[in-house]
Amino acid sequence: MVVLPFNYLRVSTIVSAPKCRFLQPLAAKLKLKLASWKGKSLSMMGQIQLVNSVITGFLAYSFNMYKWFVSLLNKVEQWCQNFIWTGDILKKGIVTVN
């Protein structure tokens, strides 16, 4: 028997431990948020502030309800790093150190 999650007050309630596929829509929502921002028009500090305030707030809220998988967290972290360094979530930036 497969138990699918249902929404109650905009929160997906899952009877058993969440599977990775149930958390994919949340990760996709974060990806769309990052992709919609114009990273090129912001300074690097502005990009960092935007990621810190919005993305970490969203994750902290969802951590209270769900236990995220490490693979999904790694994807979100990679998207945030790409956004900060290049302004685009799909383009990987090269970090240079003097």
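What is the relative accessible area of N52?

A: Happy to take you through it. Please keep in mind that this is a predicted model, in which local features need pLDDT of at least 70 and side-chain atom pairs count only at pLDDT 80 or more, while totals for chains, interfaces and linings use all residues. Residues are numbered from 1 along each chain as its sequence is written, and side-chain values use heavy atoms, with hydrogens and water left out.

N52 has a relative accessible area of 42%, so it counts as partly exposed. The cut-offs are these: buried means under 20% relative accessible area, exposed means over 50%, and partly exposed is what lies in between, with a 1.4 Å probe and protein chains only. N52 is placed in helix α2. Helices here are DSSP runs of H or I with at least four residues, strands are runs of E with at least two, and both are numbered from the N terminus. Across a gap of 28 residues along the chain, the C-alpha atoms of N52 and C80 are separated by 9.5 Å.

The protein chain has three helices and two strands, in the order β-β-α-α-α along the sequence. Of its 98 residues, 29% are buried. Its accessible surface comes to about 7100 Å², with 62% belonging to carbon and sulfur atoms; such areas come from the Shrake-Rupley method, and for residues only the protein chains shown count as cover. Among the contacts with a separation of 6 or more, 58% are between residues 24 or more positions apart, where contact means heavy atoms within 4.5 Å.

Now for the partners of helix α2. Two packed helices are described by the angle between their axes and the distance between the axes. Helix α1 (residues 20–36) and helix α2 (residues 44–63) have axes that come within 11 Å and cross at roughly 170 degrees. The axes are lines fitted to C-alpha atoms, for helices over the stretch in contact, and the angles run from 0 to 180 degrees between N-to-C directions. α1 and α2 are therefore roughly antiparallel to each other; angles over 145 degrees count this way, under 35 as roughly parallel, 65 to 115 as roughly perpendicular, and the rest as oblique.

On the α1 side of this contact are L26, K29, L30, K33 and L34, and they meet V51, V54, I55, F58 and L59 of α2. By class, that contact has eight nonpolar, no polar and two charged residues. The classes put Ala, Val, Leu, Ile, Met, Phe, Trp, Tyr, Cys and Pro under nonpolar, Asp, Glu, Lys and Arg under charged, and the others, Gly among them, under polar.

F58, in helix α2, is buried with a relative accessible area of 16%. Leaving aside residues up to four places away in sequence, F58 touches L26, K29 and L30. Between F58 and L30 there are 8.3 Å from C-alpha to C-alpha, although they are 28 residues apart in sequence.

The axes of α1 and α3 are 10 Å apart, at an angle of about 5 degrees, and that makes α1 roughly parallel to α3. Here C20, L23, Q24, A27, L30, K31 and L34 of α1 meet S71, L72, K75, V76, W79, C80 and F83 of α3. This contact divides into 10 nonpolar, two polar and two charged residues. Q24, for its part, is partly exposed at 32% relative accessible area, and it touches L72 and K75 when residues up to four places away in sequence are set aside.

In helix α3 (residues 70–86) you will also find N82. At 7% relative accessibility, N82 counts as buried, whereas N52 is partly exposed at 42%.

Note on methods
Accessible areas come from the Shrake-Rupley method with a 1.4 Å probe; for residues, only the protein chains shown count as cover.
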